[in-house]
Amino acid sequence: MKALIVIPTYNERENIADILGDILRAAPDADVLVIDDNSPDGTGRIAGELAADELRIHVLHRPGKLGLGTAYIAGFRYAIERGYDLVFEMDADYSHDPSYLPSFFTAIANADLVIGSRYVRGGGTPNWSAPRKFISGGGNTFARAVLGIPIHDCTAGFRCYRTAALRTLDLARIHTQGYAFQVEMAYLFWKRGFRVREVPIIFVDRRVGKSKMSRSIFIEGFVWVVRTRLFGDPALHAAPSREMASAAAPAATDADAPSASTAGTSRPSSRP
Ligand SMILES: Nc1nc2c(ncn2[C@@H]2O[C@H](COP(=O)(O)OP(=O)(O)OP(=O)(O)O)[C@@H](O)[C@H]2O)c(=O)[nH]1
Ligand SMILES: [Mg+2]
């Protein structure tokens with residue numbers, strides 16, 4: 001299957017060359033798309049130079065910092081338009097270890113979305129402080145409880161989607177940016193009845209460079225979860241076109257769960 005690994009970057013000069021090399025080796029049949037938001041540190045220029053020497057590397061240069069959600073939506077569109085079967089989300093900062101990529105390819109054979117999960121057996125965040133564990137774990141528990149999503153790690157950003165399933169969503173109606181974006185995508189897949197599967201990952205802190213996390217990202221997540229519980233998700237109300245829907249066959253069952261360390265999912269609830 002043709003796969004595209006999307007790496008959004010903003011000031012990842014110290015990481016970009018190494019991570020691209022490691023990804024190309026770990027996923028020898030995949031292409032990579034770097035989406036750079038005009039990083040002041042020159043990440044986009046470095047990525048462009050690497051792309052000039054390696055046909056499997058592509059770069060999308062955007063004019064300024066437009067956020068993670070819009071970067072991934074641009075990556076999804078790129079993958080759909082160019083006929084990729086699979087599209088990955090992955091960070092540039094080594095929190096998402098490229099050596100896990102093969103396990104995603106194995107799991108996606110029986111899924112429409114594979115999430116690299118910190119909260120299934122075998123996964124974890126060993127070098128996080130207790131407050132950080134509490135915030136991340138608490139956010140996940142909150143989203144699961146309020147929305148009823150049966151996914152252990154719905155804020156995780158190391159993922160593989162089937163583009164055929166993505167095509168059934170109205171991407172223009174997805175406006176979330178940070179953790180809320182990851183929760184929204186997981187929620188939409190689950191509500192649509194697509195198969196969501198989790199594979200364990202050990203999440204490590206970024207090697208070098210600065211985090212782009214901010215308080216507003218947490219507030220966005222909280223507000224989005226509560227609003228969606230009350231009013232539903234507009235992206236779900238959009239009826240997919242017949243042509244799009246026939247491109248993907250939503251799975252009604254999840255019969256063949258691959259192993260104890262993965263968590264299958266379930267059918268959509270009747271909630272909005
Ligand atoms: N194109 C683009 N990339 C971004 C933007 N914000 C963050 N990124 C990239 O998205 C990935 C995740 O961002 P991080 O700052 O590592 O956020 P995080 O992983 O949630 O937080 P840390 O755990 O502190 O690293 C990295 O590859 C960033 O360079 C943005 O606005 N535009
Ligand atoms: Mg990071």
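Predicted model: local features only at pLDDT ≥ 70, side-chain atom pairs only at ≥ 80, totals over all residues.

Residues are numbered from 1 along each chain as its sequence is written, and chains are lettered from A and ligands numbered from 1 in the order in which they are written.

The chain holds 10 helices and 7 strands; helices (H or I, at least four residues) and strands (E, at least two) are DSSP runs, numbered from the N terminus. Of its 272 residues, 43% count as buried. A residue is buried if 20 or more other C-beta atoms lie within 10 Å of its own, exposed if 12 or fewer, and partly exposed in between, with C-beta atoms placed from the backbone. Among contacts between residues at least 6 apart in sequence, 85% join residues at least 24 apart; two residues are in contact if their C-beta atoms, placed from the backbone, lie within 7 Å.

The 7 strands form an open sheet of mixed pairing, in the order E3-E2-E1-E4-E6-E5-E7. Two strands pair if DSSP finds at least two bridges between them. Strand E3 (57-61) and strand E7 (196-200) are the edges, each pairing on one side only. From one strand to the next the twist averages 20°.

What are the bridge partners in E6 of Val-87 and Val-114? For Val-87 the partner is Tyr-161, and for Val-114 it is Cys-160. E4 and E6 pair in the antiparallel sense over 4 bridges. Strand E5 (residues 113-117) and strand E6 (residues 159-162) are also paired in the antiparallel sense, over 3 bridges, and Ile-115 stands opposite Arg-159 in E6. In a regular strand the side chains alternate between the two faces of the sheet. In E6, Arg-159 and Tyr-161 point one way and Cys-160 and Arg-162 the other, and all are buried.

Helix H3 (residues 68-81) lies across strand E1 (3-9), strand E2 (31-36), E3 and strand E4 (86-89), and runs at about 155° to E1. Axes here are lines fitted to C-alpha atoms, for helices over the stretch in contact, and angles run from 0 to 180 degrees between N-to-C directions.

The largest nonpolar core has 70 residues, and those with the most contacts inside it are Ile-5, Val-6, Val-87 and Ala-186. Such a core is a set of buried Ala, Val, Leu, Ile, Met, Phe, Trp, Tyr and Cys residues joined through C-beta atoms within 7 Å. Helix H7 (residues 179-191) gives the most to this core, with 10 residues. Beyond its neighbours within four places in sequence, Ala-186 is in contact with Ile-115, Ile-149, Ile-151, Cys-154 and Val-196.

H7 also packs on helix H8 (residues 215-231) at an angle of about 30°, with the axes 7 Å apart. That makes the two helices roughly parallel, a term for angles under 35 degrees, whereas those over 145 count as roughly antiparallel, 65 to 115 as roughly perpendicular and the rest as oblique. On the H7 side the contact includes Tyr-179, Val-183 and Tyr-187, and on the H8 side Ile-217, Trp-224 and Val-225 are among the residues.

The axes of helix H5 (residues 130-147) and H8 come within 9 Å and cross at roughly 10°. H5 and H8 are therefore roughly parallel to each other.
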